[in-house]
Amino acid sequence: MEYSFRQIEQKWQAHWKATNAYKVSNESSKPKCYVLDMFPYPSGAGLHVGHPLGYIASDIYSRFKRLKGFNVLHPMGYDAFGLPAEQYAIEHGVHPAVSTEQNISNFRKQLDNIGFCFDWDREVRTSDPSYYKWTQWIFLQLFNSFFNRHTAKATPISQLVESFEKAGNQEHVCPANNALVFSGEEWKSFTPKRQQEILMDYRLAFCGYGEVNWCEALGTVLANDEVVNGVSERGGYPVERKRLRQWYLRITEYADRLLEGLEQVDFSDAMKEMQTNWIGKSYGAEIDFKVSSEQEAVGNLRVYTTRPDTIFGVDFMVVAPELDIVDHLKSAAQASAVEEYLAYVKSRSERERMAEKKISGVFTGAYAINPFNGRKIPIWISEYVLAGYGTGAIMAVPCGDERDHKFAEHFNIPVTNIIGTHYNGRDANPTKDAILENSEFLNGVLMRDAISIVNDRIEAMGIGKRKVNYKMRDAAFSRQRYWGEPFPVQWKDGVAVPLPESELPLELPYVDNYKPGPDGEGPLANIPEWVARELETNTMPGYAGSSWYFLRYMDPHNNQSFCDRKVSDYWGQVDLYIGGTEHAVGHLLYSRMWTKALFDLGYIGHDEPYKKLVNQGMIQGSSRFVYRIHGTHTFVSRGLLEEEETYQQKQLDKLHVDVNIVDGYELDMAAFKNWKPDFSQAEFILEDGKYLCGNEVEKMSKSKFNTVNPDQIVDRFGADTFRMYEMFLGPVEISKPWDTKGIEGVHRFLKKLWRLFIDEQKGVVVNNEPATAEELKVLHRAIRKIEDDTERFSFNTGVSSFMICVNELSDLKCRKKVILDQLLILLTPYAPHIAEELWQLTGNSGSILDASYPIFEEKYVKESAKAYPVAINGKTRAEITISLDATQQQVEAIILEDETVKKWLDGKTPKKIIYVKNKMINVVL
RNA sequence: ACCCGGGUGGUGGAACAGGUAGACACGCAGGACUUAAAAUCCUGUUCGCCGAAAAAGCGAGUACGGGUUCGAUUCCCGUCCCGGGUACCA
């Protein structure tokens, strides 16, 4: 009987399915454990070997926790709305619902192959009306709430209305416009439309006009995190700034709570740092400067600075070109130069601004007056100051800020040095640790201390105040696309009116074409019935459905609520969340915000969704190359190339070759000729009769011909081998290259394990003899190590420990059921199929999935003595076995008698003998 | 440019609170079994020196240069390189 993994795996997968082995109940006396994988988008390309890495890790952890007596929720589903399906629809005429369905079924087949313990009864799809009904419902909760800054909580908008009626907006400053002030009387006198406009400026989900990232090629708006280096994350199309009517989430109101929440969760420092930087909280001050301009009634120039201590080093002001004040600043002499510059700025696309950062700007002709010494400071405009951050104007301190310094250099503006020797005249120095000079009343003060001195002064003088700013913007929440959740909103007379709950879900209508509607609207605007009902024509973005899916898994079939409160209280936070870092600032921030809002409104009992987050690394491709002599059909084996990748001084073309027709480095030449018509004429210059390929580690992608399909691997080696090998490759968090060759080692391990139980001729050879002390020691060492490794996600060392254990038991010829049964249970999370098969073959009843995890017992691994490394001056020279309870004196006596030690002592007396129990001994001469 | 990670054999990696560097595998080399192959098993495998070989021994060695320590892959300082994030955020 040999290890026929194909048959075994198919048999048990079918059996587990038939017996509902992975069904999870919401009612249990067991402690709960919620293990979650990041929501996959079912792409048409299918899975490559890198995708399941995180799923395998979470699967092992889930099965482990189950054996340890937990009720484990480990669900899977699909983030099924999104741009790629719609792009595919536009290009191929296939309705997104159809291609999505196909992709999901393909995806599912690939997942099933690997033997995951997902409870498929809980599968969710964001594009399913029974799911997006609740996405729409939560949207309405956000729409009907505002952020009460006094309690720092989402609060029903009805309470805001009550407050407005009593005291106007005194209690609640308008987040969208803090200049807005009205009394209770005024509120009551406003028209209903005006009242709605004001409320819109408070809502957590709101509609407004703003500068958005418009992507012409995709025909939609994108959120900040969907734009990378000025182009769209999906497709790499150019993105420009455009002022449009959009839905937004007022996530900025949650900035502080999103920051504070990071202290309670177990995320990597890198992840916390990324989120912290994205939120970008800074402490500074807004200062008003009087302006001296040729024009009258200019008003003050308000700047935002984090360094009020440098107020005497201000040599010029810079205003963002987009600001209205620019018009009032320009002098007659500068008017044409300013106009010219504004035209230039307008002509520059977002991408150009990103790509080439050249210093540009123009003097307006106006001056600001330093409130402390009356100095006239020239006001410039330049595109390096962003309209959207702070006040859109800065006070430039060239000696302390690099950009200001470059600007001053470029335009020959004299630099005032306020930090003495800390400034070398060539580079700005942003230090806070200099003693101020040339700074009047601040002279001799440490910059760090001067900040609050200046803040106190400007506040006392009434020309400014302390101010906290955030880099994060409100999140654009609408897309001018078809394949997304419709907004449950009607527009009546310019007022957004939410649909009543009873009309949810508002179903996405079927369409035949996906052309954009008129005036930058989405395809829904082309449907007469839709427009006639005055429904919103935008749809929600990809992250809408994924912002709360972890709650739906808990209670997926509930049609009374998005998730029953009792159920969400039982499951609580996700205990372990595994996924890639690419969602650091998008999905993770949005879902954290939605969770906080739902918590504030009392719908769930916790305000951080994920207790622990593990970021999986990427599995990279190991690409293979062939070298063709330029202009010929002749290919040269790698080992024959010269230094500079030439052959006999001839130029070579380095071409990617499909890794699936290369064994290690050796090219399958026949397969290569069949691979592409271009290569059918190929001739080879070989070394040792072989053609060897070059290699390089790159990202795994179809275009580099280095993708490996898990189906193939499972077919050749089985799911158990595949699972263990993915883990054996290295730590889950680290990126590492895939190398199919190495999988043999893991496969051999499973075969070796099999032979421990089964003899090819005799069949099952497991016996009921009692275990020896040695065997128990091997087993319990493995229990300790593997349990610990699994608990701390060190799956790679876990796999090695299995290998060590099986190697040792093989050496001991151990065939004892008492030992081997325990080993099988240990192995179940990693290789469930072979474990279940051997469990059954050795006569156990019931499924091994429900066995209980072995309990480590110290007594079996206790040693009485240790072979100590004995070092002389730190260099290990001997190994001496000494009883573990030896005292310092005993140890000294023993080692001084040792021949090797004596030789090294050479008659001298050691200065000191260091003895660290159970570690080592060091003799210092 | 800035902020995080990280540099360990031919390769993936191990050493989880400073204590025998290279676990476990891959690959490679040699051998056993076999008519042969596959499969399996055994031995060796950081580099250099010494040796016919083996054993033993010696020296160097965790990117590089310094430091702290009885002892450093691990801690500190400086330099170089690679990966990730951010990109005019005042």
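**Exercise 1. Find the place of Asp493 and say whether the residue is buried or exposed.**

Step 1: Asp493 sits in the loop between strand 18 (489–492) and strand 19. Helices (H or I, at least four residues) and strands (E, at least two) are DSSP runs, numbered from the N terminus.

Step 2: Asp493 has a relative accessibility of 64%, so the residue counts as exposed. Here buried means under 20% relative accessible area, exposed over 50%, and partly exposed in between (1.4 Å probe, protein chains only).

Step 3: Its phi is near 55°, a positive value in a residue other than glycine.

A word on the model before we go on. It is a predicted one, where local features need pLDDT of at least 70, side-chain atom pairs count only at pLDDT 80 or more, and totals for chains, interfaces and linings use all residues. Residues are numbered from 1 along each chain as its sequence is written, chains are lettered from A and ligands numbered from 1 in the order in which they are written, and side-chain values use heavy atoms, with hydrogens and water left out.

**Exercise 2. Work out which residues of helix 12 are buried and how they are arranged around the axis.**

Step 1: Check the length. Helix 12 (residues 335–347) has 13 residues, which at 1.5 Å a residue should span 18 Å; the end C-alpha atoms are 19 Å apart, which agrees. The expected span is 1.5 Å times one less than the number of residues.

Step 2: Pick out the buried positions, which are Val338, Tyr341 and Val345.

Step 3: Look down the axis. The buried residues of helix 12 fall within an arc of 65°, so they line one face of the helix. The arc is that of the directions from the helix axis to the C-beta atoms. An α-helix has 3.6 residues a turn, so residues three or four places apart point the same way.

Step 4: Turn to the other side of helix 12, where Ser336, Glu340, Lys346 and Ser347 are exposed.

**Exercise 3. Describe how helix 28 packs with helix 24 and with helix 1.**

Step 1: Take helix 24 (residues 743–757) and helix 28 (residues 832–841), whose axes come within 11 Å and cross at roughly 5°. That angle makes helix 24 roughly parallel to helix 28. Axes are lines fitted to C-alpha atoms, for helices over the stretch in contact, and angles run from 0 to 180 degrees between N-to-C directions. Angles under 35 degrees count as roughly parallel, over 145 as roughly antiparallel, 65 to 115 as roughly perpendicular and the rest as oblique.

Step 2: List the contact (heavy atoms within 4.5 Å). Helix 24 brings Leu750, Leu753, Trp754 and Phe757, and helix 28 brings Ile834, Glu837, Leu838 and Leu841. By class, this contact has seven nonpolar, no polar and one charged residues. Ala, Val, Leu, Ile, Met, Phe, Trp, Tyr, Cys and Pro count as nonpolar, Asp, Glu, Lys and Arg as charged, and the others, Gly among them, as polar.

Step 3: Now take helix 1 (residues 5–18), which packs with helix 28 at an angle of about 85°, the axes being 9 Å apart. Helix 1 is therefore roughly perpendicular to helix 28.

Step 4: In this contact, Ile8, Glu9, Lys11, Trp12, Gln13 and Trp16 of helix 1 meet Pro832, His833, Glu836, Glu837 and Gln840 of helix 28. The residues divide into four nonpolar, three polar and four charged.
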